[in-house]
Amino acid sequence: MIFSFLTATLFLALIALGTAFFVLGYVRKKRRSGGKGVPTAVSAAFIAAGALLMFLIPGSFHTVEAGTVAVVKRMGVISAVEAPGTYFDFWLISKYETYDAKVRQVEINTDAYTLDSQSMDISMVVQFQIRQDNVKEIALNYGGMEALTNRIQSVAVERTKATLSKYQAEKLIEQRSSISPTVEREISDAIGDKYYVTFNSAVLTDITFSDAFEAAVEAKMMAQQEKLQAQYENEKKKEQAETALYVAQQEAQALLAKAQAEADAQVAQAQAEARSIMLKSVEIARMLGYTVTESATDATDAEGENKFTTVYRIEYDETHTGADIAEYMKYIEYMSKWNGELPQVVAGENGFMITVPLPGNGADGGNA
């Protein structure tokens, strides 16, 4: 900093002196014809000195743009690293080499091979940024940004190829979305702190296989899709068949349940009718003087409930054979069906003809 200040002060003084020499020499040259004047050689020297200073001074101003840093070399030796700004150093002994401190983006296109030896073209973008504190080391080891960028690019290509070579082509296609983070991690580990840069990202933008391989993969995928479609249709048909079978089973069970209910109803009706007949016969037997005994029985129904049933027993003997009970039952049945019409009596030569209407024959009746 002190050297730059002293250099700037000296050059400003030289600028003033050179300007004065130039003006004085020019004026003296114009007036050399009158008076003693100044010798022509002296005037020429003043003009030459002024012109030389005017040539040397502008080239000694150095501007470091925003987003860059400059490595200052004096007589080939690194003396300082300057931040953005304008500096004054004699250009014959000082050289400013600028380094881009912004994030650099490197586009890479290369070829690679998969685990099963399928060739592919890959495109990727790598982003990194130099560390300003290590600009001197970059200048000493690489001499400039171009060499450093080439080195970073070489590392990225090498790690990408090594990573992709671990996958078979079909797996690479299936897992393409997860491959890029793996490649980025491998490149980041490889760069680390070795190259005086901060690694930002690496993104695989495209992976292209040969046309023949792409066609083969497409054909295989179509075959798999057709297979899946056939499986889906078979499953759908199976589900439809199972649904139809279930419906048929339900309908059959409904029919069986209906038939069972009807049979149970018929059995219940028959049992009711039989008990009604039995009760009527017991009543008639008592009316006709039969001896009837009763007893109670305990039974369990289908639902597990206890039910008591009365059992009647009619005593028969030589006088009470049961025939009269049967005849009386027939009489009662007839009377239950009789419509109230009386027998018709017709007198004839051979006696009387009695027409007795039979149950269910209406007025036509029958003959007796």
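Residues are numbered from 1 along each chain as its sequence is written, and side-chain values use heavy atoms, with hydrogens and water left out. Because the model is predicted, local features need pLDDT of at least 70 and side-chain atom pairs count only at pLDDT 80 or more, whereas totals for chains, interfaces and linings use all residues. Helices (H or I, at least four residues) and strands (E, at least two) are DSSP runs, numbered from the N terminus.

Three strands form an open sheet in the order 3-2-5, with antiparallel pairing, where two strands are taken to pair if DSSP finds at least two bridges between them. Strand 3 and strand 5 (94-100) are the edge strands, each of which pairs on one side only. On average, and with direction ignored, neighbouring strands of this sheet are turned by 25° against each other; the axes behind such angles are lines fitted to C-alpha atoms, for helices over the stretch in contact, and the angles run from 0 to 180 degrees between N-to-C directions. In general, strands of a sheet pair through backbone hydrogen bonds, either parallel or antiparallel. Strand 2 (residues 68-74) and strand 3 (residues 77-82) run antiparallel and are joined by five bridges. Among the partners in strand 3, V77 is the bridge partner of R74, and V81 is the bridge partner of V71. The two strands form a hairpin with two residues between them, and M75 in the turn has a positive phi of about 55°.

A search of the whole structure finds 10 salt bridges, a salt bridge being a side-chain nitrogen of Lys or Arg within 4 Å of a carboxyl oxygen of Asp or Glu. One of them joins the side chains of E97 and K73, at 3.3 Å from N to O. Since E97 lies in strand 5 and K73 in strand 2, this pair ties together parts that are 24 residues apart in sequence. Both E97 and K73 are buried, where buried means under 20% relative accessible area, exposed means over 50%, and partly exposed lies in between (1.4 Å probe, protein chains only). K73, K95 and E97 are linked in a network of salt bridges. D100 forms a salt bridge with K102, with the closest N and O atoms 3.0 Å apart; D100 counts as partly exposed at 22% relative accessibility, and K102 counts as partly exposed at 43%.

Helix 4 (residues 145-164) has 20 residues, which at 1.5 Å a residue should span 28 Å, and its end C-alpha atoms are 28 Å apart, which agrees; the expected span is 1.5 Å times one less than the number of residues. The buried residues in helix 4 include L148, I152, V155 and V157.

A nonpolar surface patch of about 390 Å² is made by M287, Y328, Y331 and M335. Such patches are made of residues with over 30% relative accessible area and no salt bridge, in which like charges are joined within 9 Å and nonpolar side chains (Val, Leu, Ile, Met, Phe, Trp, Tyr) within 5 Å, and accessible areas come from the Shrake-Rupley method with a 1.4 Å probe, only the protein chains shown counting as cover for residues. The largest share of the nonpolar patch, three residues, comes from helix 8 (residues 323-337). Y328 is found in helix 8 and counts as partly exposed, at 31% relative accessibility.
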